[in-house]
Amino acid sequence: LPLLLEATLLPLATGSHHPFYNGFYYNHVMNDKGNGQEKVVYFNGARLWVETPKDPVYSTNGANVTLPCHYHFEPDVEAKRKIRIKWSKLRDDYTKEKDVLVAIGKTSVAFGDFRGRAQLHQAGRREASLVISDVRLQDDGKYRCEVIDGLEDESDVVDLRLQGIVFPYQPPRGQYRLNFHEAEQVCQEQGAILASFNQLFQAWNEGLDWCNAGWLSDGTVQYPIRLPRKPCGGLHLAPGIRSYGPRHRHLHHFDAFCFSSGLRGEVFYLNHPAGMTLEEAKQSCQDAGAEIARVGHLYSAWKFLGLDRCDAGWLADGSVRYPIAKPRANCGPAEPGVRSFGFPSKGRFGVFCYKER
């Protein structure tokens, strides 16, 4: 076989014409004699390049976003070529891909959750940009733009980040009661998803300090500390993200870190002179053409819309909370935040309602 390969390649390298393979001139031929030396033969040819932005692309829940991707040949190839474009969503560790869209010419097919939401934007020459409409929380992550010309294949990665907020969550039954799958479920019930490590790190960078460990979307358990203290890893450790590493997704129990992004509607407050029970609060929101707000709705309204209300109100999970954007006397601590009264079994309060636009 080595002799056959050499006999095949030698006439190509020494003949009057350069070797041409799949429309591309290759710049070297490897020696197959097994002596560890490389035989290099240079040709003037075209190489495929794929380029995406190095900085992250930011968006919010419900918005439309374009992930830029362009390709070119060096030197340029004028002839039209049957290019195949493939977009995939990557896991953070790059171990698995999820198909998003495949296109050849003007024909494209989107897959899974991206059906009806993903399409190519090819306004310019050699453009392979991806447009995602009605962005969802789960769309946050890394995307690979792959351009294929026959057997030639090049790709680059775009990082889509949703602007949002991470909040810790404990269920009504108390601390450290959730396995991984239950943590996923409670975040979804609150209009959110389990946060990724990158989202938790960003929240820590913005000031989140929380001493209770919670699940993240990759199955690890971590918690963010800004002010080192004895119950939170000890005084000797620097500020940062404390990690328990991967935990058993069924057997181990912790809290959850949830991630929510921009709202598709508005959060507003209703009250009654005598206050309301939880059931009365739910009915009041329905009477107003809305639904009782979830925890994720309240955090997003506080973060993105500056919602500020020094009156406690019911939320869908049975908790009572209130958002403070401008700290003041008789409204809790000196820092902005969403205050919590926990899950009162009885009592009468106002209610926060949510209405989609």
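In this predicted model, the structure holds 14 aromatic pairs. Two of them are set out below.

| Ring pair | Distance between centres | Angle between planes | Arrangement |
|---|---|---|---|
| Trp215 and Phe254 | 5.8 Å | 80° | edge-to-face |
| Tyr322 and Phe341 | 5.7 Å | 75° | edge-to-face |

Planes over 60 degrees apart count as edge-to-face, and the planes of Trp215 and Phe254 stand at 80°, so this pair is given that name. Trp215 belongs to strand 14 (residues 214–215), while Phe254 sits in the loop between strand 16 (240–246) and strand 17 (255–261). The pair therefore ties together parts that are 39 residues apart in sequence. Buried means under 20% relative accessible area. Trp215 has a relative accessibility of 0% and so counts as buried. Phe254, at 9%, also counts as buried.

In the second pair, the ring planes of Tyr322 and Phe341 are at 75°, so this pair is edge-to-face as well. Tyr322 is in strand 21 (residues 320–324), and Phe341 is in the loop between strand 22 (337–340) and strand 23 (350–356). These two residues are 19 residues apart, and their pair links distant parts of the chain. Tyr322 is buried, with a relative accessible area of 8%, whereas Phe341 is partly exposed at 48%.

Some rings form a group. Ring pairs link Trp215 and Phe254 with Tyr176, Phe180, Tyr223 and Tyr244 into a cluster. Phe180 also has a charged neighbour: Arg249 lies over the face of its ring, at 4.3 Å from the ring centre.

The next element is helix 5. The buried residues are Val295, Gly296, His297, Leu298, Tyr299, Ser300, Ala301 and Trp302. What do the buried residues of helix 5 pack against? Their partners are strand 12 (164–169), strand 17, strand 18 (265–270), strand 21, strand 22 and strand 23. Among these, strand 21 is the one that holds Tyr322. After helix 5 comes Gly306, which has a positive phi near 70°.

The largest nonpolar core has 89 residues, and Leu67, Trp87, Ile132 and Phe352 have the most contacts inside it. Helix 5 gives the largest share of this core, with 5 residues. Leaving aside residues up to four places away in sequence, Leu67 touches Val57, Trp87, Ser129, Leu130, Ile132, Tyr143, Val158 and Leu160. Two of the residues in that list, Trp87 and Ile132, are also named among those with the most contacts in the core.

Six strands form an open sheet with mixed pairing, in the order 2-11-10-5-6-7. Which strands lie at the edges? They are strand 2 (57–59) and strand 7 (107–110), each of which pairs on one side only. On average, neighbouring strands of this sheet are turned by 25° against each other, direction ignored. Strands of a sheet pair through backbone hydrogen bonds, either parallel or antiparallel. Strand 2 and strand 11 (residues 152–162) run parallel and are joined by 3 bridges. Across this pairing, Tyr58 has Arg161 in strand 11 as its bridge partner.

Key: Residues numbered from 1 in each chain as written. Predicted model: local features only at pLDDT ≥ 70, side-chain atom pairs only at ≥ 80, totals over all residues. Heavy atoms only, no water. Phe/Tyr/Trp six-rings, centres within 6.5 Å; stacked < 30°, edge-to-face > 60°. Helix = DSSP H or I, 4+ residues; strand = E, 2+ residues; numbered from the N terminus. Buried < 20%, exposed > 50% of the residue type's maximum accessible area, 1.4 Å probe, protein only. Lys NZ or Arg CZ within 6 Å of the ring centre and 35° of its normal. Contact = heavy atoms within 4.5 Å. Pairing = 2+ DSSP bridges. Axes fitted to C-alpha atoms, helices over the stretch in contact; angles between N-to-C directions. Core = buried A, V, L, I, M, F, W, Y, C linked by side-chain atoms within 4.5 Å.
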